Amino acid sequence: MKKLMNDPRYVVEEMIEGYVKAHPDYIRQLPENDRALVTAKETREGKVGVLIGGGSGHEPGFLGYVGQGMADGVAVGNIFASPSPDPILEVTKAIDKGAGVVYLYGNYAGDIMNFGMAAEMADLEEDIRVETAIASDDVASAPKDEKEKRRGIAGEFFIYKAAGAAADFGYDLDEVVRVAKKANDNTRSMGVGLSPCALPQTGEPSFEIGEGEMEIGLGHHGEPGIEKGPLETADRVADRLVNDILEDITISRGDRVAVLVNGLGSTPLMEQYIVFRRVEQILSEKGIEIYRSYVGNYITSLEMGGLSVTLMKLDDELAKTIDHPVDCPMFVQK
Amino acid sequence: MVLTAQDFRNYFKQIVEMIEEEKDYLCELDRKLGDGDHGVTMSIGWQAVNEKLDNELSQEEDCSKVSIVAGKTFLSAVGSSVGPLYATGFMRGAKEIKGQTEVNEEDLVNYWVAFGKGIKERGQAEVGDKTMVDTLEPFFRTLEEEYASSRDFSESFSRAVDAAKAGMESTKDLLSKRGRSSRLGDRSIGAQDPGATSAYLIVSKFQEYLQGELAQAK
């Protein structure tokens, strides 16, 4: 696979350098650790710090979501690999304004170990209170009764949005965590993969798929999904994804949802909107109100082809977090 | 047999070389179960360790320090899941030989048992979950038991490495229960676990190193 890069060993460093130089008003790199980035804006004393993080290769996830109304800092890992505890701890120290810090990340073994070690160090060495909310929105990755085993995919965006807003509202740490967990409990995603991505360092495709095939439930790192079959029309794929979600969570006539159609990297916006069109039809037919929609590349997997559909069921509190304005380098909501 | 910090450096250097040779193989194994980067991750980590061995650690005489810095450096460089796992192994091992400029055979048993147990504890995995614990638990149990009864380190370590190998190979027929590959279900059967493989490479390299040293001594 063709890539514009200089040296595969330095892709993450060079991306961060470019990112920080491109948006100096928004983001700054901590001198203690190259992989530790925090907001360049003034943060209010007493506000709960919101820390996000994960592997690289998911841009705009996760560094693109540091800014007003979302995260205060991000720890950046290698491609598709959790950051180590060092940058997580440095960001924690930098964004703690006396009210503690919430860690938000996806449900992966590596992230749990590294963020867990950092949280322990923050408590022991720095006396900073840290709480965690883990995203587990991917319906395809484990059965309903084992939701705690599900991985976090595009729905992480809604968790960041909800927690970021709650922190901005002035909620205390326990309340921010409660909102983040509620957002996760009410969020479901289903994805489809059409073509693989390649890691810069190996150049090999992350999974194998035939020219005329698609894979339902494929993971954000190329983890195999639940079903491989011939590529179907956009409408039929949308039907499948939305139906799987609605079988997993009760969303009734009159309920409100936020919808995210998320491209995985190389799927054009045209195709994403064609899928959104059908998602809207299905929800309208069922009398489910779309409160707000997001269509685009929100959390990607390098140049992977495919997309996911995410629904977050809203109560008044979550709706308020969805309405909250955001100003980040890669995402603005007025 | 007595080892010094220089032996730890030499052994770690041999791991660095070995990982470069096995990088593609480890990635290939990982592509069947995960995102295909285990070899790359190991290489990033051990290259960072190599840099420390050449600089900060080049004159270090404390064996435990060499192991601690190796573990911490590996962790900082890779994160991921193997970062905390191997780092915990090398740091728990170091705790058993704290401040020592020389380690004897009994120290080495303690070192490697703590290495294996530390990784198992960090990963919260059991034998049969298709992880590096399938290699490491038979390894440290065999080492502990054999050495307790025979007091023959070389023989005990050799049997422990055999047990590690059998454990690694057993992962081919196992269903993955931990980490990203656990989402594969039945499709994980038939592929050898890359973490179990790198764990075997690391412990078997120590045996090779000792054999090389003994041969030179003769």
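In the predicted model, the centres of domain 1 and domain 2 of chain A, taken over C-alpha atoms, are separated by 23 Å. The domain assignment, whose bounds come from an automatic or database source, places residues 11–186 of chain A in domain 1 and residues 187–322 in domain 2. Residues are numbered from 1 along each chain as its sequence is written, and chains are lettered from A in the order in which they are written. Local features need pLDDT of at least 70 and side-chain atom pairs count only at pLDDT 80 or more, whereas totals for chains, interfaces and linings use all residues.

Contact between the domains involves 31 residues of domain 1 of chain A and 33 residues of domain 2 of chain A, two residues being in contact if their C-beta atoms, placed from the backbone, lie within 7 Å. On the side of domain 1 that touches domain 2, the elements giving two or more residues are helix H4 (156–168) and helix H5 (173–185) of chain A; helices (H or I, at least four residues) and strands (E, at least two) are DSSP runs, numbered from the N terminus. H4(A) gives the most to this side, with eight residues.

Strand E4 (residues 73–79) of chain A is mostly covered, with seven of its seven residues buried, that is, with 20 or more other C-beta atoms within 10 Å of their own, C-beta atoms being placed from the backbone. Strand E2 (residues 36–39) of chain A runs antiparallel to E4(A) and is joined to E4(A) by three bridges; Ala36(A) has Ala75(A) as its bridge partner. Strand E3 (residues 49–56) of chain A runs parallel to E4(A), with five bridges between them, and Ser56(A) is partnered by Ile79(A).

Terms used:
A residue is buried if 20 or more other C-beta atoms lie within 10 Å of its own, exposed if 12 or fewer, and partly exposed in between; C-beta atoms are placed from the backbone. Two strands pair if DSSP finds at least two bridges between them.
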